[in-house]
Number of protein chains: 2
Amino acid sequence: MAVIVQVDFPYAGPFDQRMTEQMSDLAASINDEPGMLWKVWTINEQTKEAGGVYLFDNQANAEAYLAMHSARLRQMGVEGITGKVFHINEALTAINQGPVNPA
Amino acid sequence: MAVIVQVDFPYAGPFDQRMTEQMSDLAASINDEPGMLWKVWTINEQTKEAGGVYLFDNQANAEAYLAMHSARLRQMGVEGITGKVFHINEALTAINQGPVNPA
């Protein structure tokens, strides 16, 4: 059953085009992570935060990714990471058009 | 430009079928909120949390919803609500198949 991974952390920038250039290779590599179905890249220029919301195919893959990604962020000097894995109430999500079905 | 709303809070249950029954009318009403494009209903039986990840059409609608929803949760006795609105890096999200385009 698919699960959501929710990650956010303090991030001073860059945002927009320079962020895209710096992170494009990382984004491509995320497509190769086991069970990764999609990621939305989240940013908040005002609160200076960034992160992502991901759909993974199951909890084991989600937790493995979250552990690896959190360690990678800490190695880049990022502190204050919030990372959560959630199950999905699929019946309620279906009422609200939530995109949780693998294509 | 579409934005993500991320909400989570302590939630003791019920989960699964009874949750679905209790919340179906609320879910249907969420479809009528201005600018709401989709919601994934998130639950964690172990950490006793629940919440949602939403896509809204713009920041003003997202912030209005978050303010209304947080007040509604507090009125239901929920405390410790984390609610965040994020912009989206659309170029990176496109690399990772993020479902952020209105149908």
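**Reading burial, strand pairing and symmetry**

Analyst: Asn96(A) counts as buried because it has 20 C-beta neighbours inside 10 Å; a residue is called buried if 20 or more other C-beta atoms, placed from the backbone, lie within 10 Å of its own, exposed if 12 or fewer, and partly exposed in between. This is a predicted model, in which local features need pLDDT of at least 70, side-chain atom pairs count only at pLDDT 80 or more, and totals for chains, interfaces and linings use all residues. Residues are numbered from 1 along each chain as its sequence is written, while chains are lettered from A and ligands numbered from 1 in the order in which they are written.

User: Which residues does Asn96(A) touch, not counting those up to four places away in sequence?

Analyst: Two residues are in contact if their C-beta atoms, placed from the backbone, lie within 7 Å. By that rule Asn96(A) touches Ala27(B), Ile30(B), Asn31(B), Trp38(B) and Lys39(B).

User: Which strand does E1(A) join through 8 bridges?

Analyst: Strands are DSSP runs of E, at least two residues long, numbered from the N terminus, and two of them pair if DSSP finds at least two bridges between them. Here the 8 bridges join E1(A) to the antiparallel strand E3 (residues 49-56) of chain A, with Ile4(A) opposite Leu55(A).

User: How are the two copies related?

Analyst: Copies are superposed by least squares on the C-alpha atoms of residues with pLDDT of at least 70 in both. A rotation of 180 degrees, with 0.0 Å of shift along its axis, brings chain B onto chain A (RMSD 0.0 Å), so the copies are related as by a two-fold rotation axis.

Methods:
Helices (H or I, at least four residues) and strands (E, at least two) are DSSP runs, numbered from the N terminus.
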